[in-house]
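Reader: I am new to this structure. Please take me through it in short questions and answers.

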Amino acid sequence: MTSNRCVHRTIYAMLGAATVVVAPGVQAHADDPARILKSMSDHLAGQKTLSASFDSDIEIITPELQKIQFASSGEIKMSRPDKLRVRRTGGYADVELVYDGKLISIYGNNAKSYVQADAPGTIDKMIDALQARSGIGMPGADLLLSNAFDELMATVIEGKHIGQGVVDGVECEHLAFRTPDTDWQIWIEAGAKPVPHKYVITSKTLAGAPQYTLRIKDWKADALNADVFAFVAPAGATKVDLEGAAIAEFDELPPGTPTGAKK
């Protein structure tokens, strides 16, 4: 979805990490790290409903070359193929995205305003349309797509199975992949429920190599009520245009902040 290169080289040597160079369109073999990633993608895509909570950190590099990190937390509720609700609260935004298969609504509690747009179709199409139309970055959204494996591997040039790791007390398979623009790592629960628990994206095109870190927990596949995906504008909220500066109100970074790490 990379910290100190020297440290990572040592880790690779100690663990005897399996490495595979992946060419676009080449199917993963049984012993490839891509096999573990594919099992995660297939498992998530096969769940009719999903919910989870998350914590995220995004780093930026200031003009003075100081690295600053911004943190937020939230929750995800999804019913395939066309319903999604995401709430994220941080120091600079309290944002909720609601999609009912026809209309997408994004409400900013701090801004006391919301945007809406017609987006009939699926969650996959909605995410693509939202990012194309508004320019909103949604790191981690690729994990929710029905074709997550294809999207994640589209530009991968190298993959490694680092070994095992423990995230929030859960034993995980630790994978690392490289693309021309980013390095990304993912920790996938070992065993019969291969869900992601940590996802780290490191930019290779920005000075200082800022990172985006997503930690996901409390995965559930319980049934969700339809009203979870119904948006009702709070009293006093103002509807604003989806285009332009209004979107800044819904960002997880303060206005004027340099671009952070995004995949």
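Reader: Where is glutamate 96 placed?

Author: This is a predicted model, where local features need pLDDT of at least 70, side-chain atom pairs count only at pLDDT 80 or more, and totals for chains, interfaces and linings use all residues. Residues are numbered from 1 along each chain as its sequence is written, and side-chain values use heavy atoms, with hydrogens and water left out. Helices (H or I, at least four residues) and strands (E, at least two) are DSSP runs, numbered from the N terminus. Glutamate 96 belongs to residues 94-99, which form strand E5.

Reader: Is glutamate 96 buried or exposed?

Author: Buried means under 20% relative accessible area, exposed over 50%, and partly exposed in between (1.4 Å probe, protein chains only). Glutamate 96 has a relative accessible area of 18%, so it counts as buried.

Reader: What is the relative accessible area of isoleucine 123?

Author: Isoleucine 123 lies in helix H3, residues 123-134. Leaving aside neighbours within four places in sequence, isoleucine 123 is in contact with Met78, Ser79, Pro81, Asp82, Lys83, Leu84 and Tyr99. Isoleucine 123 is buried, and its relative accessible area is 1%.

Reader: Which kind of peptide bond runs from arginine 80 to proline 81, cis or trans?

Author: Proline 81 sits in the loop between strand E3 (67-79) and strand E4 (83-90). Most residues other than glycine have a negative phi, and most peptide bonds are trans. From arginine 80 to proline 81, omega is near 10°, and the bond is cis.

Reader: What is the phi of aspartate 168?

Author: Aspartate 168 is in the loop between strand E8 (158-167) and strand E9 (170-178). At 55% relative accessibility, aspartate 168 is exposed. Although aspartate 168 is not a glycine, its phi is positive, at about 50°.

Reader: How far apart are the C-alpha atoms of glycine 191 and cysteine 172 in space?

Author: Glycine 191 is found in the loop between strand E10 (182-189) and strand E11 (196-203). Its relative accessible area is 62%, so glycine 191 is exposed. Glycine 191 and cysteine 172 are 19 residues apart in sequence, and their C-alpha distance is 8.6 Å.

Reader: How many aromatic pairs does the structure hold?

Author: Rings of Phe, Tyr and Trp (its six-membered ring) pair if their centres lie within 6.5 Å; planes under 30 degrees apart count as stacked, over 60 as edge-to-face and the rest as tilted. By that rule, the number of aromatic pairs is 3.

Reader: Why does the pair of tyrosine 114 and phenylalanine 231 tie together separate parts of the sequence?

Author: The pair is tilted, at 5.5 Å centre to centre and 55° between the planes. Tyrosine 114 lies in strand E7 (residues 113-118), while phenylalanine 231 lies in the loop between strand E12 (211-220) and strand E13 (238-239), so the pair joins parts that are apart in sequence by 117 residues.

Reader: Which residues have the most contacts inside the largest nonpolar core?

Author: A nonpolar core is a set of buried Ala, Val, Leu, Ile, Met, Phe, Trp, Tyr and Cys residues joined through side-chain atoms within 4.5 Å. The largest one has 48 residues. Not counting residues up to four places away in sequence, leucine 37 touches Phe149, Leu152, Met153, Leu175, Phe177, Trp184, Ile186 and Ile188. The residues with the most contacts inside the core are Leu37, Leu84, Ile104, Trp184 and Ile186.

Note on methods
Contact = heavy atoms within 4.5 Å.
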